[in-house]
Amino acid sequence: MILNKQVVDQHNNQLLDKHKRNFTHLSSDITHLDYILEKLQQFQIAIPSWALGTGGTRFGRFSGAGEPGNLEQKLEDVGLLHALNKSSGAISLHIPWDIPTDADKIKQLAGSLGIAFDAVNSNTFQDQPHQAYSYKHGSLHHVDPRVRKQAVDHNIEVINYGKSLGSKALTVWLADGSSFPGQLNFREAFQNTLASLQEIYHHLPEDWKLFVEYKAFEPHFYSTTIGDWGQSLLLANKLGPKAYTLVDLGHHLPNANIEQIVSLLLMEKKLGGFHFNDSKYADDDLTAGSIKPYQLFLIFNELIDGMDLHGMDHASGLGWMIDASHNLKDPLIDLLQSVEAIKIAYAQALLVDREALKKAQQSNDIVKAQELLQDAFRTDVRALVAEARLRMGGAIDPVQLFQENEIRSQLIAERGVNTVATGL
Ligand code: LRH
Ligand code: MN
Ligand code: MN
């Protein structure tokens with residue numbers, strides 16, 4: 001174990017005075033401090049197994065050193081993150097990139113690190129060796145029923161892997177679409193997708209959820225068969241109560257009002273969860289909150305409003321997952337930064353005076369409503385997030401600890417220099 005309690009304590013002692021000063025100053029103005037700290041402590045965000053290595057672009061991949069070479073090492077990496085921030089207590093697996101061949105052993109290792117298994121993800125966007133049919137022209141929407149069956153069977157296999165680990169959800173993201181007008185019959189593609197998903201849904205255990213992820217474009221550039229939240233919601237509604245829409249922040253057309261989408265999905269009780277990331281141009285998969293932090297805050301503002309209305313549990317009501325890729329930064333540092341940004345947005349949204357906001361909306365007081373949101377967003381809540389982490393035994397500044405203790409160098413010493421983790 002690279003990180004023991006002593007290392008964390010030493011780091012915290014070094015930063016404690018400064019932290020306490022900041023925290024005291026900040027908390028003196030917060031009326032519901034204990035409530036916020038409790039919410040922050042409960043909040044867990046799943047780490048994607050495919051983001052623990054250095055990602056690439058379509059022009060190249062520059063793998064980093066000391067990357068995890070198998071699922072056990074990926075779990076150790078998530079364990080490391082969780083030991084640092086106490087908010088990464090779950091992993092989301094992608095099959096077949098990360099097959100749990102010995103499920104009991106994997107479960108035991110995860111348990112010892114305090115890690116649960118979040119949604120399992122299927123992969124019908126790449127051909128695998130020895131596969132009978134190609135997904136070049138799609139999977140669940142394919143014109144050939146044999147290809148559709150192969151893709152359905154794969155999803156059922158993924159459910160079974162998930163069952164063996166204690167997962168409770170399957171996420172389906174399809175690359176199915178078309179790149180040229182005329183290539184595809186939209187209605188047939190949609191109906192084939194629905195029929196395939198119905199078969200998968202049929203194999204879903206009673207206490208599971210099916211997350212239907214949508215994406216506006218890429219890898220196809222003319223149409224995507226599940227292209228937006230409307231199409232995903234249509235499918236989820238037709239499939240039944242266990243099916244939900246999954247919102248990946250990077251999967252929208254530019255300037256889409258994601259917070260409005262979130263609020264309506266929540267109202268319909270069809271919001272499954274999130275793939276958090278950020279983007280400037282398209283599906284850039286950048287660190288959460290690194291480009292549009294106000295958008296992230298506004299999403300959490302809608303979430304708290306809608307979840308409180310439904311009496312939903314903030315911590316367990318939805319699937320909270322990161323879906324980022326890092327071709328320039330150390331993946332573990334990037335993931336720490338993403339989790340931190342998400343918690344900051346959550347903490348800021350918890351600060352919003354909801355009663356006052358309701359009153360301002362009811363009286364068409366635009367200025368007051370805007371001020372209430374901006375006031376919360378402009379509050380520096382980092383000491384609040386750090387205090388929640390400290391109370392759980394985590395590090396005051398996880399990134400600083402990671403760097404000062406040269407954790408990547410230790411991983412390189414263990415795993416070697418020439419390493420390539422499976423993933424995007
Ligand atoms: C492709 C994608 C998608 C999936 C992930 C595995 O866009 O990023 O978001 O969830 O690959
Ligand atoms: Mn995604
Ligand atoms: Mn994506």
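Helices (H or I, at least four residues) and strands (E, at least two) are DSSP runs, numbered from the N terminus. Axes are lines fitted to C-alpha atoms, for helices over the stretch in contact, and angles run from 0 to 180 degrees between N-to-C directions. The model is predicted: local features need pLDDT of at least 70, side-chain atom pairs count only at pLDDT 80 or more, and totals for chains, interfaces and linings use all residues. Residues are numbered from 1 along each chain as its sequence is written, while chains are lettered from A and ligands numbered from 1 in the order in which they are written.

Select residues 186-202, helix H6, together with residues 229-239, helix H7: their axes lie 10 Å apart, and the packing angle is about 50 degrees. At the contact (C-beta atoms, placed from the backbone, within 7 Å), Leu194, Leu197, Gln198 and Tyr201 of H6 meet Leu235, Lys238 and Leu239 of H7.

Next, display ligand 1. The residues around ligand 1 (C-beta atom, placed from the backbone, within 6 Å) include Trp50, His94, Glu213, Lys215 and Asp283.

Select E4, residues 90-92, which pairs with E1 in the parallel sense over two bridges. Finish at Pro48, which stands opposite Ser92 in E4.

Definitions and conventions
Two residues are in contact if their C-beta atoms, placed from the backbone, lie within 7 Å. Two strands pair if DSSP finds at least two bridges between them.
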